[in-house]
Amino acid sequence: MPAEVETMFYTREKPWHGLGVRVEDAPSSKDAIIAAGLDWNVVQKKIYTEEGDVIPGYYANVRDTDSHALGVVTKRYKIVQNHEAFAFTDALLGKGVTYETAGSLKNGRKTWILAKLPKQYRLAEDITMPYLVFSNSHDGSGAIKVAMTPIRVVCNNTLNLALQNADRIWSANHTGDIETKLEDARMTLFMAENYMNELAKESARLSRKRISDAEVEEYTKMLLPIATNATETMEQNTNRLREDLKMRYYFAPDLQDTGKSQYRFINAVSDFATHAKPLRETKQYHENLFLKTMEGNPLIDRAYRLIAAA
């Protein structure tokens with residue numbers, strides 16, 4: 001398992017990010033927290049100098065099962081335990097919610113839960129399943145986040161566009177009244193419904209906007225530019241990536257019945273961003289891809305801004 005992933009499970013087919021340990025069925029929260037290796041709590045401990053003096057106002061977030069230090073936080077930081085995250089998702093989605101994947105990154109410093117919402121949506125004739133991602137950090141580096149991740153069933157590509165009229169992410173800092181903030185987050189379901197409805201409208205609009213082969217070429221070059229000081233090798237590598245993207249636009253099996261439209265192009269970019277192998281695969285490649293899947297992929301967002309402005 002890649003270095004950044006500590007524990008994780010997934011159901012049925014291996015996820016688009018290529019991480020985790022397979023289980024047969026999508027478990028309930030009680031089973032999911034064990035399968036994901038998240039059945040531990042965070043406790044706060046005082047921090048001391050080498051001379052034994054307490055450092056006021058700061059605490060170490062420590063995992064109770066192995067005393068592993070997750071991060072240093074201020075006294076204002078409020079812990080949201082893993083079991084509270086699952087309880088929140090259970091309460092939010094109601095009876096029968098199934099968890100597709102959950103786990104921890106970076107030795108427990110970041111955790112997430114991905115649950116499938118029960119309602120399917122049709123985007124420009126594509127069946128799309130919306131997923132809700134609850135992500136949390138125990139090291140003080142990030143906020144609590146609830147995000148929408150729509151996935152086209154036919155190809156497992158994400159299509160979480162940064163729409164102007166609907167939010168795809170809700171977040172809250174680990175300070176203040178956490179209970180109230182989580183209560184406010186129950187509006188997430190309304191956000192999800194609004195986001196998916198707006199995404200359906202935008203997908204229909206993009207599918208009606210025809211683009212020429214010349215525009216495909218232009219958009220591809222703008223998305224994958226070649227620096228003025230690029231070496232010959234760098235230029236060759238970028239051209240290879242450009243050809244990969246265009247091949248997906250013209251020949252991806254799931255796009256063969258889709259006209260030459262902006263919708264087809266944005267899905268080709270999504271396919272490229274989700275599945276294309278990088279020129280150099282780092283140890284954190286899969287983890288970074290998963291985080292982009294949760295929070296939005298910059299390349300897909302950039303492509304959307306390009307075509308939306310046309």
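**Helix packing and local features of the predicted model**

The axes of H5 and helix H6 (residues 232-251) come within 10 Å of each other and cross at roughly 140°. In this predicted model, that angle makes H5 oblique to H6, since only angles over 145 degrees count as roughly antiparallel. The crossing of the two helices is right-handed. On the H5 side, the contact is formed by Asp 213, Val 216, Glu 217, Thr 220, Lys 221 and Leu 223. H6 contributes Arg 242, Leu 245, Lys 246, Tyr 249 and Tyr 250. By class, the residues joining H5 to H6 comprise five nonpolar, one polar and five charged.

A further packing partner of H5 (residues 213-223) is helix H9 (residues 298-308). The axes of H5 and H9 come within 10 Å and cross at roughly 135°. H5 is therefore oblique to H9. H5 passes H9 in a right-handed crossing. Here, Tyr 219, Met 222 and Leu 223 of H5 meet Leu 299, Arg 302, Ala 303, Leu 306 and Ile 307 of H9. The contact of H5 with H9 divides into seven nonpolar residues, no polar residues and one charged residue. Leu 223 of H5 takes part in the contact with H6 and also in the contact with H9.

When neighbours within four places in sequence are left aside, Leu 299 is in contact with Leu 223, Val 269, Phe 272 and Ala 273.

At the level of the whole chain, nine helices and 12 strands are present. Buried residues account for 49% of the 310 residues. Among contacts in the chain with a separation of 6 or more, 62% join residues 24 or more positions apart. The accessible surface of the chain amounts to about 15300 Å², and carbon and sulfur atoms provide 50% of that surface.

Glu 198 is placed in helix H4 (residues 188-208). Although Glu is classed as charged, Glu 198 counts as buried, at 18% relative accessibility. Apart from residues up to four places away in sequence, Glu 198 touches Leu 163, Asn 165 and Ala 166. Leu 105 lies in strand S6 (residues 98-105). With a relative accessible area of 1%, Leu 105 is buried. Leu 105 and Ser 137 are 32 residues apart in sequence, and their C-alpha atoms are 9.4 Å apart in space.

Most residues other than glycine have a negative phi. Ser 67, in contrast, has a positive phi near 60°, and this residue is placed in the loop between strand S4 (54-63) and strand S5 (69-74). Asn 107, likewise not a glycine, has a positive phi of about 60°. Asn 107 belongs to the loop between S6 and strand S7 (110-116) and counts as partly exposed, at 38% relative accessibility.

His 68 provides a link between these two loops. This residue is found in the loop between S4 and S5 and is partly exposed, with a relative accessible area of 26%. Excluding residues up to four places away in sequence, His 68 touches Asn 61, Val 62, Arg 63 and Asn 107. His 68 and Val 42 are 26 residues apart in sequence, with a C-alpha to C-alpha distance of 9.6 Å.

Definitions and conventions
Residues are numbered from 1 along each chain as its sequence is written. This is a predicted model: local features need pLDDT of at least 70, side-chain atom pairs count only at pLDDT 80 or more; totals for chains, interfaces and linings use all residues. Side-chain values use heavy atoms; hydrogens and water are left out. Axes are lines fitted to C-alpha atoms, for helices over the stretch in contact, and angles run from 0 to 180 degrees between N-to-C directions. Helices (H or I, at least four residues) and strands (E, at least two) are DSSP runs, numbered from the N terminus. Angles under 35 degrees count as roughly parallel, over 145 as roughly antiparallel, 65 to 115 as roughly perpendicular and the rest as oblique. A crossing is left-handed if the near helix is turned anticlockwise from the far one by less than a right angle, and right-handed if clockwise. Contact means heavy atoms within 4.5 Å. Buried means under 20% relative accessible area, exposed over 50%, partly exposed in between (1.4 Å probe, protein chains only). Accessible areas come from the Shrake-Rupley method with a 1.4 Å probe; for residues, only the protein chains shown count as cover.
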